[in-house]
Amino acid sequence: MTSYLLDVARNRNIEEYEKAGGYQGLGKALFMEPGQVVEEVKKSGLRGRGGAGFPTGMKWMFMASDPKSPRYIVCNADEGEPGTFKDKALIDKNPHVLLEGMAIAGHALMAGLGYIYLRAEYPEERGILEAALKEARAKGYLGENVMGSGKKFDIHVHMGAGAYICGEETALIDSLEGKRGQPRLKPPFPVNSGLWGMPTMVNNVETLSNLPFIMREGALRYAGIGDPSCPGNKLFPVSGHVERPGVYELPMGTPLREIIYEHAGGIKNGKALKAVIPGGISAPVLAPDQIDCPMDFVSVQKAGSMLGSGAVMVFDEDTCIVRVALRTLEFFEHESCGKCTPCREGTGWLKAILERIETKQGHGGDIQLLEDVCRNIAGNTFCPLGDGAASAALGFIRHFREEFTEHIRSGCRYHREQGQAQP
Amino acid sequence: MILITINGKKIELDGPVTIFEAARRNGIDIPSLCHHPALELWGGCRMCLVEIEKMPRLQTSCTVKAADGMAVYTETPRVVAARKAMLEFLLINHPLQCPTCDKAGECALQDLTVRYGAVAGRFEEGKRTFPENVDDPVIVRNMERCIMCTRCVRMCDGVQGAFAIGVVGRGAGSHVEPFSGGRYNCEYCGNCLNVCPVGAIMSRLHRYTYRPWQMDKTVKTICSFCGVGCTILLEVRGDAIQKVSPAFGKGVNNGLLCGRGMFGYGYAGSPERLKTPLVRKDGKLVPASWDEALALAARRLLEVKAQHGGRAIAGIAGGRCTNEENYAFQKFMRAGLGSNNIDSTARLGLLHAQDLLEGIFGQGAAANVIRGIPHSDAVLVVACDPTRTNPVMGLQVRAASKAGKKVVAIGHAPGLKRHMTHHLSAAFGHEGIALAGLLRELLRQKKALPGENPEFEAAIMGFSELPSPEEVRRLAGVPEAALTQAAEALKDVSTSSIIAGRELAASMDAKRNFMLLAAIGYVLNSRFFLVSEHPNEQGLIDMGCTPDMLPGGRPLALQTFRERCEHEWGARLDPEPGLTLMEMFEQAGGAIRAMYIMGENPAFNLPGRKKIKEALEKKLDFLVVQDIFLTETASLADVVLPSKAWSEKEGTYTNLEKRIQKLAQATGKNHEAGMEDWRILALIGRLAGLGNMPYASASDIIDEIARVSPLHAGLRYEDLEEDGMMWPYKGKPLRMSGGMQPLPAAKAAATLDRREEDTGQTGPALVIEKPLFHSGSLSRHSGALLDIMGGPEAKMAPGTAAGLGICEGGSVKISTAEGEMVLKAKLEKGLPAGAIFAGNNFGDAGALGLFGYELEPGSKTPVPRAEGLEITPL
Amino acid sequence: MTEPQPFSPKSVALLEEIRKKYPTGRAALMPALYVAQEEFGWLRPEALKAVAEFLGLPEMTVRSTATFYSMYRHRKAGRNVIRLCTNVSCMVLGAGTLKGVLGNVYGLAPGGTSPDGRFSLEVADCIGACGKGPAMIVNDDLHTGLDAKKILEVLENYK
Ligand SMILES: Cc1cc2nc3c(=O)[nH]c(=O)nc-3n(C[C@H](O)[C@H](O)[C@H](O)COP(=O)(O)O)c2cc1C
Ligand code: SF4
Ligand code: FES
């Protein structure tokens, strides 16, 4: 298997990156017409790694057909989805692959300027990116005359300030414009009216980092990696109760079981698996009997969850699921932007119910109430954040209803057994 | 053409609109909380969800555009369930204080709860709370009632452009506040509370005084403060105005108001209103019966007329009085007393401005629609701040700016600070120089002139010595780059609007200024707007309250027309024009022996105050004043006759667009104290055997106006429904526009007088500030406006203050040849250096009293001058 | 009227650098708020006013934007700001216990400041260190693999 994303730690340095074939993809792209580059990306079958898995080539075509200018490339490095740390790892180990990817996008989409919207919690990565930018400018990969092509492309790093919703692309754009990061109405989509009303491509760090390989090795080679419906390598950040947590670069479609038991070394301390979240906290939890599911957009959805960011969160047999559910809803309540009624009011309500269940003050009917509130949120919110909160909560109830009932009846078994403090 | 169905009903749409709008137009009511037609789309409350065939999710009808073939369902079980769910979400944290909430009865949340059924209280935890905030004198905030629809904020930012309130915090903790978290530092337009669907932001003026269903009536009328003429709704209980509210979708203002219109209504119910007529006995004004006062007035006027002739009597009409009253007034003066000495404060600039413009473009040159302003490519604002003087017109300039149009301001216009694309910061009184420089740059940068009027173009090209940018900088203090860039921005526009202030005409250079303005207007294909401070300043001009014009803007000199009036009025008219405003006072005690003043306060509102007071007090044999308050002028009168306030009478106002709009009587039905101004005149006329005024109502007078004034020919009171009627009404203007001609004096006038003028750098200058929260001397009787701005102040930039040794809040003595005054200093960033701003609104501190004047020779417009200005900190 | 406290020359240089990265002053707001936070300690009204003045934005706009984000401080903070991740991945590895430790040792409650003004504690929602949790960021430094002992050792280095 070829690793082209995390590959080797030495790539942080531009010379090493060049030795490993770095910036050749950009060189090739610059020899092509912008439209041809878009075509190539479309042919590669690349799907966005930001969560929704939308075909990148198609999104690019939408922007390519809008004549307005100036135009912008925005790298979504907000990585706010709890459990996710793949973009961070990528920037840590291989910042130039991202810069090269952005420069390719800049050429293909005729944009002269790019911004990396980096979450505030990553100050170290900011330093890494700034250093890499300096190197790339010094070598002429960025700047007024990219690789002698006469084209201009430069990148600025913009720090977020702690708001999960700013990962949503329209909220991100508002935030980048200096506003409260609340989602915008769509249409118009950012590809037609994004930053300052101009065509703007928002792509995830990992998505953009796939481009150098596609350009260098060709779309066909790329399309041959992993699952044909969603080709390429995927970064899987694995956390929780596993022996070797970390980020694994594996072909799309690698079974969840293989990720947990081979790459991440299995459950910590030899315990049994109780539950796993396959795609970051917004993705509904899966039960142990579902882990043969291949990790690609289609299969995970079929299993009743979503691939999302690909963040695998593993829980062993001694984990209190109600507690996990409560913490999940605390997160959503805290991060709801407040724009729409069901999310603003509903996430807090779900949290309140879970809190009383977790603290043994729940009562009969609470589970149905939880489900009811979830149903009233789901499908009625302005953006997918609220849906995520509802479907995450429903996921826990679906697979662990017994545990909720038991909590209401007799409190938390795990607290009792382990003498853990109440939250 | 777009065809859709809503609930099975076929609907045709000729353009893309939202489903919500399509439904509304067809009488299908979709509930909403966050949507408001005046505001940017939001889509947050999720109340308007509907089902659309082939779309799996419910959609917000307020944001989704109707597309051909859509089948929409607005009340399916699924939709109703979702709406109930949204209501339940909103109510879990809503305090349910309905019994003590002023909004109860007109609360959208309450209404929707009734419509969809209350949801059982499934929420068990404590509700979110925010303490009520009453730090502000007129606005109270109850943020726990807020449903986060953000209508207030979208109004404040997007429409009002004030950016005074905003959402603070995130998610469930969000709430709306001004920057301070307490008192507002804003324009007090009140539009935020007008769009609040619940009781979260409310007016304190009528707090806890009534419930909406206890209102006796809601009366649609016109605001009484400025020349925009906003449509307002007066909510009345008993005989008192409880509240002013806007009428979205109606009027010049489409539901928007300014602080004066929104909160200033209190003067009508003020206890300081005159309650009886007063007559002077032994040097003192004492209450008298109507019979006594009217008889005295009639007798004394007749005596003066008999002794000195009608020409010895002068009359001042009122810009806050109706057309009917002003018409009756000039008829009383001319036909009854035999005097053409009729004028008004329109003489301070508006009248001259209009004369000059009409002299070039023809009658009606400034009759343009305010709501059209944002549709022009550029707006040029000259020597005024429409956001202060005519605030709702100012909003249209801001709307233009928001729509990406060019907004160029010449002179001081602080309310447009965030909305102008170019600022030519000419020193006060030097705006004309900037105009000249702008014209020169436009002529230099433009490829060709329009070619419509060769004669006029020749006049434009004939301007000698238009100043270069460098000279403009030196003479008026406008940076060169600003001038060239503004010209660059303007040169290719295809339509534009020009808004000009009366100061441009209250100048020795008025002719030059207006010729330049006209030339620029011609080059830029402009529509003109003249700011106007009083609600019927335009109307009184049209009604003939000027020394040389009869109703309909017909010159007194025109014999045929004079005869027509003589015939109608049954009296001979003096063919000689009368005296102008300032001349009347100057000649008091000489040619002028008596004065009749209706709804005006010249002892306060004019420069040269000392002399005017002296004239009124000592030089006249007799003075009658009709007013609603005992003003500075009324207190000098021999007879004071209480009149009705604007809310107490019928009649019409003509706004600055020259749109006639109807007032409606809302209060004062049983108010014995005051009479309509026209009625008082008619009664005196009858007693004195003067004139012929057999009116029983305002509409009787309208009928007469329609007979007399060719401009108003055929106008009927009943025609003035909804949005009134625009100039030239049903009649004919004197001269159709199109026949434009350069002013005779244009060539000479446009030659710049190159005296080294004071550019503001040499020493401090005193400027009369036109505050947003007050209007002449009337608004000092409005409690709420006093709460917002309680007294006079001298405003200046911190730098200016430092140079003069003045500190914030300190007392400053301002003295001139005319007098002196002590004011509290208020430092404000961004004011032009060297300028001291003081208003003319409060009692002893009306800064106009520090000004003398000089008359512009042709028009006799007083040009105020503050000679010997000295500013000293105390 | 309180005169906005002017920025130090160093901050002004930074702000001017920032301003160049964006086509509008408004877009420079978020980075400018960081500069103001650094200079004023927290985003007190004077800091917000100074930012508004520098970028030519309405004060309310600045405040409204600033309060949306959790990394801006709207209260006086301690000398060192701890952001302890307690989100699910860190929680299941024991982050809750660490919260307790900080409470016992330094008297720190989430959102609060220790009585000696040395630390402020913010509970963070995932700081991207799930692979090595529990984790925290102190000021700008990331610390991972924490337990009750290690967290105290690390914090000893912050005075
Ligand atoms: C609530 C929410 C949070 C999101 N957070 C992120 C994020 O942190 N990083 C990211 O790349 N995309 C995130 N997304 C997805 C983005 O909206 C967008 O789809 C993505 O950046 C597009 O990039 P891609 O085409 O490369 O996938 C989020 C979406 C939602 C609804
Ligand atoms: S679902 Fe609504 S409140 Fe929640 S984040 Fe999206 S827009 Fe904001
Ligand atoms: S009215 Fe449509 S979402 Fe509020």
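Modeller: Before we start, buried area is the accessible area that two parts lose on being put together, summed over both. The model we are looking at is a predicted one.

Biologist: How much area do chain C and chain B bury between them?

Modeller: The contact between these two chains draws on 17 residues from chain B and 19 residues from chain C. Of the area that the two chains bury, 56% lies on carbon and sulfur atoms. Taken over both chains, the buried area comes to about 1,400 Å².

Biologist: Which residue of chain B forms a salt bridge with C:Glu53?

Modeller: Across the interface of chain C and chain B, the rule finds 2 salt bridges. In the one formed by C:Glu53, the closest N and O atoms are 3.1 Å apart, and the partner in chain B is B:Lys829.

Biologist: Turning to another pair, how much area do chain A and chain C bury between them?

Modeller: Here 53 residues of chain A are in contact with 36 residues of chain C. Carbon and sulfur atoms carry 60% of the area buried between chain A and chain C, and the total is about 3,400 Å².

Biologist: Which residue of chain A forms a salt bridge with C:Asp125?

Modeller: The count between chain A and chain C is 1 salt bridge. The closest N and O atoms of the pair that includes C:Asp125 are 2.8 Å apart, and the partner in chain A is A:Arg327.

Biologist: Which helix of chain A gives the most to the side that touches chain C?

Modeller: Across the interface of chain A and chain C, the rule finds 20 residue pairs in polar contact, both residues being at pLDDT 80 or more. Several elements of chain A each supply at least two residues of the side that touches chain C, among them helix 7 (123-138), strand 7 (233-240) and helix 13 (321-335). The one that gives the most, with 7 residues, is helix 13 of chain A.

Biologist: Which residue has a side-chain N or O atom 2.6 Å from an oxygen atom of ligand 1?

Modeller: Ligand 1 is surrounded by 18 residues, the closest being A:Gly50, A:Asn76, A:Glu169, A:Asn204 and A:Thr207. A polar side-chain atom of A:Asn203 lies 3.2 Å from an oxygen atom of the ligand, while a backbone N or O atom of A:Gly167 lies 3.2 Å from a nitrogen atom of ligand 1. The residue at 2.6 Å is A:Thr207.

Biologist: Why is helix 23 of chain B largely enclosed by the rest of the structure?

Modeller: Among the elements that cover the buried residues of helix 23 of chain B are helix 8 (323-337) and helix 22 (677-688) of chain B. The buried residues of helix 23 include B:Ile701, B:Ile702 and B:Val708. Helix 23 (residues 698-708) is largely enclosed because its buried residues number 8 of the 11.

Notes
Residues are numbered from 1 along each chain as its sequence is written. Chains are lettered from A and ligands numbered from 1 in the order in which they are written. This is a predicted model: local features need pLDDT of at least 70, side-chain atom pairs count only at pLDDT 80 or more; totals for chains, interfaces and linings use all residues. Side-chain values use heavy atoms; hydrogens and water are left out. Buried means under 20% relative accessible area, exposed over 50%, partly exposed in between (1.4 Å probe, protein chains only). Helices (H or I, at least four residues) and strands (E, at least two) are DSSP runs, numbered from the N terminus. Contact means heavy atoms within 4.5 Å. Buried area is the accessible area (1.4 Å probe) that two parts lose on being put together, summed over both. A salt bridge is a side-chain nitrogen of Lys or Arg within 4 Å of a carboxyl oxygen of Asp or Glu. A polar contact is a pair of N or O atoms within 3.5 Å; within protein, one must be able to donate a hydrogen and the other to accept it, and residues adjacent in sequence count only if both atoms are side-chain atoms. A residue is near a molecule or strand if one of its heavy atoms lies within 4 Å of it.
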